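Subject: Structure handover

Hello,

Here is the structure you will be working with. Please open it beside this email, and my notes on what was found follow below.

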Amino acid sequence: DCSPLIHLHVLEAGRHWSASAMDEIFALQAALSAAQEQKSQIRLSERNIVELVNKLKTLGLLDHTLLYTLNGKEYVTQERLRLEITREVARSGGRIPVVDLQPALNVDVVHCERQSQALAADPAVGFSLVEGELMTPAYFDGVAAEVDEELREAGMVGVGDLARRHGLSAE
């Protein structure tokens, strides 16, 4: 049977309906409820699901931006991958090598590279892609604060030393 809330909404909406129309609606609600409670006799294997999703993609019924994970157990949208990359960068302190995203996110490194480039190209995000690493403005601010502190203490800082200490190119 349907919940009292559903009955209430149907009764309110059906104030001007005939008794037979209301009986038909209640019968349809009961049939829907019974159908939802039944266990399916058909089971699809993971391989069948993958084939089905791929077929839906080729027919244009699913977005072509759907990506297959490396373990073959999941699909992920490019938007979700972008969000996960952003989280990984934040989790790693504002700097992460793009190649480290592949094992963390379980998607091909090519997809990680594409989304990293897109994130770096988006001025609203503010990420930088430097020598294969994604970096946030907050990361650079932290490096700048460290350099500033060292300059105040020592009065001089070598570019090579800074680059080595922060794992950056001296160029």
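How many salt bridges does the count come to? The count comes to eight salt bridges. Please keep in mind that this is a predicted model.

Overall layout

The protein chain has eight helices and five strands. Read along the sequence, these elements follow the pattern α-α-α-β-β-α-β-α-α-β-β-α-α. Of the 171 residues in the protein chain, 26% are buried. If you take the contacts with a separation of 6 or more, 42% of them are between residues 24 or more positions apart.

The sheet

Three strands make up an open sheet, and their order is β3-β5-β4. The pairing in this sheet is antiparallel. Its edge strands are β3, residues 95-97, and β4, residues 128-130, and each of these pairs on one side only. On average, neighbouring strands of the sheet are turned by 25° against each other, with direction ignored.

As background, strands of a sheet pair through backbone hydrogen bonds, and the pairing is either parallel or antiparallel.

One pairing can be followed in detail. Strand β5 covers residues 133-135, and its antiparallel pairing with β4 runs over three bridges. Which residue in β5 is the bridge partner of Val130? The partner is Glu133.

A helix also packs on this sheet: α6, made of residues 109-121, touches both β4 and β5. The direction of α6 makes about 125° with the direction of β4.

Two helices that meet

Helix α4 spans residues 78-91, and its axis comes within 10 Å of the axis of α6. The two axes cross at roughly 75°. Angles of 65 to 115 degrees count as roughly perpendicular, so α4 is roughly perpendicular to α6.

Which residues meet where these helices touch? On the α4 side they are Gln78, Leu81, Arg82, Ile85 and Thr86. On the α6 side they are His111, Cys112, Gln115, Ser116, Ala118 and Leu119. Sorted by class, this contact has five nonpolar, five polar and one charged residues.

Gln115 sits in helix α6 and touches Gln78, Leu81, Arg82 and Ile85, if residues up to four places away in sequence are not counted. Is Gln115 buried or exposed? Its relative accessibility is 8%, and buried means under 20%, so Gln115 counts as buried.

Salt bridges inside helices

In one, the side chains of Arg87 and Glu84 meet with an N to O distance of 3.2 Å. Arg87 is partly exposed at 40% relative accessibility, whereas Glu84 is buried, with a relative accessible area of 17%.

The other joins Arg91 and Glu88, whose closest N and O atoms are 3.2 Å apart. Arg91 counts as exposed at 60% relative accessibility, while Glu88 is buried with a relative accessible area of 12%.

Asp148 is partly exposed, with a relative accessible area of 35%, and Arg152 is exposed, with 68%. Elsewhere, salt bridges that share partners join Arg80, Glu84 and Arg87 into one network.

One more residue in α7

Ala138 also lies in helix α7. Ala138 is exposed, with a relative accessible area of 54%. How far apart are the C-alpha atoms of Ala138 and Phe127? They are separated by 9.5 Å, and the two residues are 11 residues apart along the chain.

Regards

How values were computed. Residues are numbered from 1 along each chain as its sequence is written. This is a predicted model: local features need pLDDT of at least 70, side-chain atom pairs count only at pLDDT 80 or more; totals for chains, interfaces and linings use all residues. Side-chain values use heavy atoms; hydrogens and water are left out. Two strands pair if DSSP finds at least two bridges between them. Helices (H or I, at least four residues) and strands (E, at least two) are DSSP runs, numbered from the N terminus. Axes are lines fitted to C-alpha atoms, for helices over the stretch in contact, and angles run from 0 to 180 degrees between N-to-C directions. Contact means heavy atoms within 4.5 Å. Angles under 35 degrees count as roughly parallel, over 145 as roughly antiparallel, 65 to 115 as roughly perpendicular and the rest as oblique. Ala, Val, Leu, Ile, Met, Phe, Trp, Tyr, Cys and Pro count as nonpolar, Asp, Glu, Lys and Arg as charged, and the others, Gly among them, as polar. A salt bridge is a side-chain nitrogen of Lys or Arg within 4 Å of a carboxyl oxygen of Asp or Glu. Buried means under 20% relative accessible area, exposed over 50%, partly exposed in between (1.4 Å probe, protein chains only).
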